[in-house]
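Please look through the structure below before reading on. The report that follows takes up a few local features in turn.

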Amino acid sequence: MSNALNNIIKNHTGRSRTATLEDVAREAGLSPMTVSRALNNPKVVRPATIARVMEAVNVTGYIPNMLAGGLATSRTKLIAVVVPQINNNMFVDTVQAISDELAARGYHMLLCIVGYEPDAETEIVATLLSRRPDGIVLTGIHHSSDLKRIILNANIPVVEIWDLTPTPIDMLIGFSHEKVGNAIGEYFLEKGFTRFGFICASDRRAVVRKNGAISVLRAQPGSEIREMMVSLPANMEVGRAALKEMLSGGERFDAIICSSDTLAQGVIMEAEAQGLRVPDDFSVIGFADLNFAAHNRPSITTVSVEKWDLGIRAATMLADRIEGIKVEEPIVDTGYRLVIRESA
């Protein structure tokens with residue numbers, strides 16, 4: 001331990017204390033103003049000076065007070081990211097991409113899991129805003145009127161993700177869940193199927209996809225449709241239980257349409273347990289093209305969305321807006337892609 005470090009971490013009583021900016025300045029042999037500039041605005045400081053400051057930070061164990069810096073610069077370098085869940089991997093890639101891109105731009109991500117109840121989202125976002133984040137990422141486009149009012153009053157940049165509307169709160173990047181459903185319905189009609197089972201998680205976006213598919217399928221005379229809503233989290237166990245119930249009355253299907261790849265995987269497992277073969281006895285389709293979908297046996301037909309790219313672009317839009325860079329496209333449709341594999 002250097003003499004400087006020993007002096008820094010002990011006060012006159014010999015007790016440990018928190019290192020200060022002045023302690024870092026002494027260790028680096030620089031003025032406190034130079035150290036502050038290096039930490040808060042490194043673009044205007046020489047690389048050699050930044051290296052001296054960071055070495056002193058490491059030696060002293062100094063922790064920058066980002067809130068105090070934010071009071072002076074109107075920036076906290078904190079971005080709040082709000083998602084309903086991450087326990088079924090649906091949002092994991094997007095969240096990781098947002099985190100990576102924000103870190104590259106010098107921001108820190110605060111991740112909040114709010115579930116699917118609008119009131120819970122409103123309460124948590126109100127708490128987040130008391131921490132003065134520089135921006136916020138919201139999942140979806142359906143929020144309570146109270147939440148919209150709170151965000152508008154906060155006057156900070158907002159990006160909504162994973163959905164599409166011509167009237168976002170601020171900025172938006174996502175895709176049309178209705179069109180995803182339409183594409184699934186059209187695909188199965190082209191195959192000549194008439195008997196359909198839907199296993200759908202009880203969240204708004206999944207329901208929109210389900211209804212989009214049903215609107216296409218019902219246009220075909222003679223189509224038979226059975227719907228089953230399942231609780232969250234919609235995991236493999238839920239998928240297995242749902243199929244078991246749907247088959248318990250002897251009903252048969254040409255296709256089982258699932259609101260996620262995880263449910264689809266559970267359906268395939270239950271079919272095998274009951275001596276049925278996918279796709280020989282019925283086809284199965286999921287959603288999101290999760291990392292296991294291509295490697296399942298049979299591999300899962302699904303709808304792929306640009307989860308990683310969506311996260312990168314959402315973070316970029318938000319950081320640009322915060323830094324005064326014009327966002328040329330405040331509404332971005334990332335589209336989707338039907339991925340045909342063995343299960344359908």
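How are helix 7 and helix 8 oriented to each other: roughly parallel, roughly antiparallel, roughly perpendicular or oblique?

## Basis of the report

The model is predicted, with local features requiring pLDDT of at least 70 and side-chain atom pairs counted only at pLDDT 80 or more, while totals for chains, interfaces and linings use all residues. Residues are numbered from 1 along each chain as its sequence is written, and side-chain values use heavy atoms, leaving out hydrogens and water.

## Helix 7 and helix 8

Two packed helices are described by the angle between their axes and the distance between the axes. Helix 7 covers residues 118–129 and helix 8 covers residues 145–154; their axes come within 9 Å and cross at roughly 15°. Helices (H or I, at least four residues) and strands (E, at least two) are DSSP runs, numbered from the N terminus. Axes are lines fitted to C-alpha atoms, for helices over the stretch in contact, and angles run from 0 to 180 degrees between N-to-C directions. Helix 7 and helix 8 are therefore roughly parallel to each other. Angles under 35 degrees count as roughly parallel, over 145 as roughly antiparallel, 65 to 115 as roughly perpendicular, and the rest as oblique.

The crossing of helix 7 and helix 8 is left-handed, a term used if the near helix is turned anticlockwise from the far one by less than a right angle. On helix 7 the contact (heavy atoms within 4.5 Å) is made by E121, T122, V125, A126 and L129, and on helix 8 by D146, L147, I150, I151 and A154. These residues of the contact divide into seven nonpolar, one polar and two charged. Here Ala, Val, Leu, Ile, Met, Phe, Trp, Tyr, Cys and Pro count as nonpolar, Asp, Glu, Lys and Arg as charged, and the others, Gly among them, as polar.

## Cysteines

How many disulfides does a search of the whole structure find? The search finds zero, a disulfide being a pair of cysteine sulfur atoms within 2.5 Å. For C200, the closest cysteine sulfur is in C258, 9.8 Å away, which is too far for a bond.

C200 counts as buried at 2% relative accessibility. Buried means under 20% relative accessible area, exposed over 50%, and partly exposed in between (1.4 Å probe, protein chains only). C112 also counts as buried, at 12% relative accessibility.

## Backbone features in loops

Which peptide bonds are cis? Another is the bond from R297 to P298, with omega near 0°. P298 is in the loop between strand 9 and strand 10 (302–304).

K77 is not a glycine, although its phi is positive, about 65°. K77 lies in the loop between helix 5 (66–73) and strand 1 (78–83). W162, also a residue other than glycine, has a positive phi near 70°. The loop between strand 4 (158–161) and strand 5 (171–174) holds W162, which counts as buried at 2% relative accessibility.

F253 lies in the loop between helix 11 (236–247) and strand 8 (255–258). With a relative accessible area of 3%, F253 is buried.

Which residues does F253 touch, not counting those up to four places away in sequence? They are R195, F196, G197, R226, M246, L247, D281 and F282. The C-alpha atoms of F253 and T194 are separated by 8.2 Å, and these two residues are 59 residues apart along the chain.
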